[in-house]
Amino acid sequence: ATTRTPLMAGNWKMNLDHHEAIGLVQKLAWTLTDARHDFAAVETVVLPPFTDLRSVQTLVDGDKLEVRYGAQDVSAHESGAYTGEVSATMLAKLGCSYVVVGHSERRQYHGEDDALVGAKAKAALGKGITPIICVGEGLEVRKAGEQVAHTLAQVDGAYAGLDAEQAATTVIAYEPVWAIGTGEVATPEDAQEVCGAIRGRLAELYSADVADAVRVLYGGSVKSSNVASIMAKDDVDGALVGGASLKAEEFAAIVRYR
Ligand code: PEP
């Protein structure tokens, strides 16, 4: 139900090696091509581990695949003494179109806060990479009925350093933490409530044009069997998919939700 180009992004997390990565991307592209998928109508993105990106780049470039790809994290720093980090320049050179920032697993296990998430988004934008900025509440917040206020505070924090032009090129993923990897998907109404509120906040922070331009994804136990009902909601422009993106046919079915 969106006028924006829907975006389906597969977050592989820390799974697969480079052989498996190539196999999955090939199978995904073939399945979609066989089904005559219009890649311009629903954008298809895979987000492999850093160590698979070069292999995916070689395959996508060599076979001229219309699948886009990106990374699961990026450093906020430009370059230098940051052992273990990967810069936006490095990702840009590998042909990454997207990068996930502020995934709840990074917030939870690596102590990432909204300011760092915003700095990472800014670093990505500076190199022409679209950040997929993840926000969303945990179970306690949901039980208290505070999901909208909590998530909008994350949006405020992450966008504090971004101007309107930068904001307009971002993607936001609303991922309620209690729905990630649990099989417990939010209802379409739950997803719409928060995705709509996020768009409203972007209009307040920037303008109606910016709010209109930004794609807001839902993430959390999305499968081919539940994606269509969530995508039917006005403010849901796509999905960030974890587990179900590791199977080519299942992810292809999600991409072909309509
Ligand atoms: C995710 O990790 O972004 C995610 C939504 O995972 P899953 O689809 O497995 O719940």
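1. Basis. In this predicted model, local features need pLDDT of at least 70 and side-chain atom pairs count only at pLDDT 80 or more, while totals for chains, interfaces and linings use all residues. Residues are numbered from 1 along each chain as its sequence is written. Helices (H or I, at least four residues) and strands (E, at least two) are DSSP runs, numbered from the N terminus.

2. Barrel. The barrel is closed by 8 strands in the order β1-β2-β3-β4-β5-β6-β7-β8, with parallel pairing. From one strand to the next the twist averages 25°. Two strands pair if DSSP finds at least two bridges between them. Strand β1 (residues 7-11) and strand β2 (residues 43-47) have 5 bridges in the parallel sense. Within this pair, L7 is opposite E43 in β2.

3. Ligand. There are 13 residues around the ligand, and those that come nearest are I180, G181, G219, G242 and G243. A residue is near a molecule or strand if its C-beta atom, placed from the backbone, lies within 6 Å of it. By class, the shell has 5 nonpolar, 7 polar and 1 charged residues. Here Ala, Val, Leu, Ile, Met, Phe, Trp, Tyr, Cys and Pro count as nonpolar, Asp, Glu, Lys and Arg as charged, and the others, Gly among them, as polar.

4. Helices α5 and α7. The axes of α5 (residues 114-126) and α7 (residues 147-159) come within 7 Å and cross at roughly 50°. Therefore α5 is oblique to α7. Axes are lines fitted to C-alpha atoms, for helices over the stretch in contact, and angles run from 0 to 180 degrees between N-to-C directions. Angles under 35 degrees count as roughly parallel, over 145 as roughly antiparallel, 65 to 115 as roughly perpendicular and the rest as oblique. The crossing of α5 and α7 is right-handed, a term used if the near helix is turned clockwise from the far one by less than a right angle. Residues D114, A115, V117, G118 and A121 of α5 meet Q154, G157, A158 and Y159 of α7. This contact has 5 nonpolar, 3 polar and 1 charged residues. Two residues are in contact if their C-beta atoms, placed from the backbone, lie within 7 Å.

5. Helices α7 and α9. With axes 10 Å apart, α7 and α9 (residues 188-205) pack at an angle of about 40°, so α7 is oblique to α9. Their crossing is right-handed. On the α7 side the contact is made by Q147, V148, T151, L152, V155 and Y159, and on the α9 side by E193, V194, A197, I198, R201 and L205. These divide into 8 nonpolar, 2 polar and 2 charged residues.

6. Helices α1 and α12. The angle between α1 (residues 18-34) and α12 (residues 248-255) is about 45°, and their axes are 9 Å apart. That makes α1 oblique to α12. The residues that meet are L24, K27, L28, T31 and L32 in α1 and A248, E249, F251, A252 and V255 in α12.
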